Amino acid sequence: THLTQRCRQSHHFSVLYSIGKKTFTANRPSGRSEERARPTHLGAEDLLHSGLTGPHRTATTCGGVRDDARSDASQQPRGSWGGPRPGAGPPSCPPLQPPARRSWVASARGRRHHRCSRSCLSGFRVPREHKVIIVGLDNAGKTTILYQFLMNEVVHTSPTIGSNVEEIVVKNTHFLMWDIGGQESLRSSWNTYYSNTEFIILVVDSIDRERLSITKEELYRMLAHEDLRKAAVLIFANKQDMKGCMTAAEISAYLTLSSIKDHPWHIQSCCALTGEGLCQGLEWMTSRIGVR
Ligand SMILES: Nc1nc2c(ncn2[C@@H]2O[C@H](COP(=O)(O)OP(=O)(O)OP(=O)(O)O)[C@@H](O)[C@H]2O)c(=O)[nH]1
Ligand SMILES: [Mg+2]
């Protein structure tokens, strides 16, 4: 049952079925692992106040919710399963009960299954899903963040080839989150995920100063794309546990976020390993729903 649930959520429905066992278990290659600094204490209060928001004016051109927004998985490119490896320590299936210490709920149900049971059995209206893409350079922590949202724990990851998709429910708001592989060779295909996107989550590795210029290029390329004209941007300054990391304010200055006037944006420092800062980011997203 667990494997079936996981397969329903994955793009690789048929591939995983053909495997039939947990042979997709693999750890991140050792070359990708990082030496972790001893986590510094990041209080929830610190992180709560370590976010910056823009644009600083009446948001008449802000994206908010698009009426035509539909999250249709069938329109999306097929990608490889680069998500957490169920045999690598954490449970192979998300918990069916929401995590107790967060106010939001991660849905473990596959989208198709979810829709069918709601509409066929109970007659409730199918909740509208808000499409989110999670982008950023490789090794930034995108997949780790996605599964922190979903399972409230750290999973072992391997570089994502293609994408992972999960439904996250926050205070009755349904987000369909696409975590897209960030390796250089994959970035040119990010645009195939853009249609109907309401939120961009850009994950920055706050210790990776050398590649921040590449992140900046990618950010402005995305903002110029017609399909993302109305998208709001949440920037996660991830890996705040690492010694010598850049602060959210430094990253904001480098990325010249204050110059972005035509997209609502918010930068939030976080640590995907502890989950600190992630809720604040999600709260900003939910606060944008319905804002025009
Ligand atoms: N120290 C620290 N390590 C982190 C944090 N978030 C993620 N990592 C580690 O960073 C590495 C890369 O994480 P992933 O989530 O796989 O990165 P990704 O952005 O999905 O990478 P691609 O799939 O290749 O695009 C893993 O070893 C994670 O454990 C964090 O907040 N702090
Ligand atoms: Mg990944």
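Trainee: Why does Thr160 count as buried?
Mentor: Buried means under 20% relative accessible area, exposed means over 50%, and partly exposed is in between (1.4 Å probe, protein chains only). Thr160 has 7% relative accessibility, so Thr160 counts as buried. Before we go on, note that this is a predicted model, where local features need pLDDT of at least 70 and side-chain atom pairs count only at pLDDT 80 or more, while totals for chains, interfaces and linings use all residues. Residues are numbered from 1 along each chain as its sequence is written, chains are lettered from A and ligands numbered from 1 in the order in which they are written, and side-chain values use heavy atoms, with hydrogens and water left out.

Trainee: What makes Thr143 buried?
Mentor: The relative accessible area of Thr143 is 8%, so Thr143 is buried.

Trainee: Which residues coordinate the magnesium ion (ligand 2)?
Mentor: Thr143 and Thr160 do, each through its OG1 atom, at 2.0 to 2.1 Å. Donors are N, O and S atoms within 2.8 Å of the metal (3.2 Å for Na, K and Ca), and sites may look incomplete since water is not among the atoms. Thr143 lies in helix H5 (residues 142-151) and Thr160 in the loop between H5 and strand E4 (163-170), so the pair ties together parts that are 17 residues apart in sequence. Helices (H or I, at least four residues) and strands (E, at least two) are DSSP runs, numbered from the N terminus.

Trainee: What joins the side chains of Thr160 and Thr143?
Mentor: A polar contact of 2.9 Å joins them. The term covers a pair of N or O atoms within 3.5 Å; within protein, one must be able to donate a hydrogen and the other to accept it, and residues adjacent in sequence count only if both atoms are side-chain atoms.

Trainee: Which feature does UniProt place at Thr143 and Thr160?
Mentor: The unreviewed UniProt entry places "binding site" at Thr143 and Thr160. UniProt positions are given in the numbering used here, feature names are shortened, and annotations may be inferred rather than shown by experiment. They span 18 residues in sequence, yet no two of their C-alpha atoms are more than 7.7 Å apart, so they gather at one spot.

Trainee: Which residues have the most contacts inside the largest nonpolar core?
Mentor: They are Ile133, Val135, Ile200, Leu219, Met222, Ile251 and Leu257, in a core of 29 residues. H7 gives the most to this core, with 4 residues. A nonpolar core is a set of buried Ala, Val, Leu, Ile, Met, Phe, Trp, Tyr and Cys residues joined through side-chain atoms within 4.5 Å.

Trainee: What does Met222 touch?
Mentor: Not counting residues up to four places away in sequence, Met222 touches Val135, Trp190, Tyr194, Ile200, Leu202 and Leu228. Contact means heavy atoms within 4.5 Å.

Trainee: Is Leu202 buried or exposed, and why?
Mentor: With a relative accessible area of 1%, Leu202 is buried. Leu202 lies in strand E6. Leu202 and Ile235 are 33 residues apart in sequence, and their C-alpha atoms are 4.7 Å apart in space. Among the residues that Leu202 touches are Thr215, Leu219, Leu234 and Phe236.

Trainee: Where does Asp208 lie?
Mentor: Asp208 is in the loop between strand E6 (199-205) and helix H7 (212-223). Its relative accessibility is 18%, so Asp208 counts as buried. The side chain of Asp208 also makes a polar contact with that of Arg211, at 2.8 Å.

Trainee: How many helices and strands does the protein chain have?
Mentor: The protein chain has 9 helices and 8 strands. Of its 292 residues, 54% count as buried.
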